[in-house]
Amino acid sequence: NTMLMISKTDAGAGDLNLEMVNIAQVARGAVKLFSPLAEDKGLTLSCDTPESLMVEGDLKMLQRAMANLFDNAIKYTPPPGHVDVRVFREPGNKQQIKIAVKDSGIGIDNQDLSKIFNRFFRCDQSRTAGGSGLGLSLARAIARAHHGEIHVVSSKGKGSVFTLSLPDHHVH
């Protein structure tokens, strides 16, 4: 099902149910949903969002992309670690709304950074954890279907920051 969703989304054949979505509220909802999992693992989860930041998008798809980022951050962060989520408007010529998920986890080798969004790719250190290697590929397909992108900055042993960027449709 995930492969089919990625293929349809990549091809532009996936029907997006576009509506105005408060992405800050989606992030807070994801934090609430994932907090028990983080706490059970001995992690702290924090969220820094404004009350409202609106994007045009498919709510279920955006929730799925965000859930993949949260799930990975928690899965690859050993205790006593932390996952920090920040939602903000990017100033500049091309204004964007950004959702940054920062963890104090195991990080990603430089040689793997260019491959992590490929379907079925799993870093050596992640092969013992559950998963299919499709989550980040799906998250990128969802970002691109929304005319956005997803980027990562990571340091081995120090953690990662995954940033989902979406167009700010309220630019005047």
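**View 1. The accessible surface and the fold of the whole protein.** In this predicted model, the protein has an accessible surface of about 9,100 Å², and carbon and sulfur atoms account for 51% of that surface. Of the 172 residues of the protein, 45% count as buried. Five helices and seven strands make up the elements of the protein, and, when followed from the N terminus, these elements run in the order α-β-α-β-β-α-β-β-α-α-β-β. When contacts between residues at least 6 apart in sequence are considered, 69% of them join residues that are at least 24 apart.

**View 2. The crossing of helices α2 and α3.** Helix α2, which spans residues 23–40, and helix α3, which spans residues 59–75, have axes that come within 10 Å and cross at roughly 40°, and therefore α2 counts as oblique to α3. The crossing of these two helices, α2 and α3, is right-handed. From α2, the contact is made by residues including Ile 23, Val 26, Ala 30, Phe 34 and Leu 37, while α3 contributes, among others, Leu 59, Leu 62, Gln 63, Met 66, Phe 70, Asp 71 and Ile 74. Sorted by kind, the residues of the contact of α2 with α3 comprise 14 nonpolar, one polar and one charged.

**View 3. Helix α5 and the residue His 147.** Within helix α5, which covers residues 135–145, the buried residues are Leu 136, Ser 137, Leu 138, Ala 139, Ala 141, Ile 142 and Ala 143. Just after α5 comes His 147, a residue that takes a positive phi of about 60°.

Terms used. Residues are numbered from 1 along each chain as its sequence is written. This is a predicted model: local features need pLDDT of at least 70, side-chain atom pairs count only at pLDDT 80 or more; totals for chains, interfaces and linings use all residues. Side-chain values use heavy atoms; hydrogens and water are left out. Helices (H or I, at least four residues) and strands (E, at least two) are DSSP runs, numbered from the N terminus. Buried means under 20% relative accessible area, exposed over 50%, partly exposed in between (1.4 Å probe, protein chains only). Contact means heavy atoms within 4.5 Å. Accessible areas come from the Shrake-Rupley method with a 1.4 Å probe; for residues, only the protein chains shown count as cover. Axes are lines fitted to C-alpha atoms, for helices over the stretch in contact, and angles run from 0 to 180 degrees between N-to-C directions. Angles under 35 degrees count as roughly parallel, over 145 as roughly antiparallel, 65 to 115 as roughly perpendicular and the rest as oblique. A crossing is left-handed if the near helix is turned anticlockwise from the far one by less than a right angle, and right-handed if clockwise. Ala, Val, Leu, Ile, Met, Phe, Trp, Tyr, Cys and Pro count as nonpolar, Asp, Glu, Lys and Arg as charged, and the others, Gly among them, as polar.
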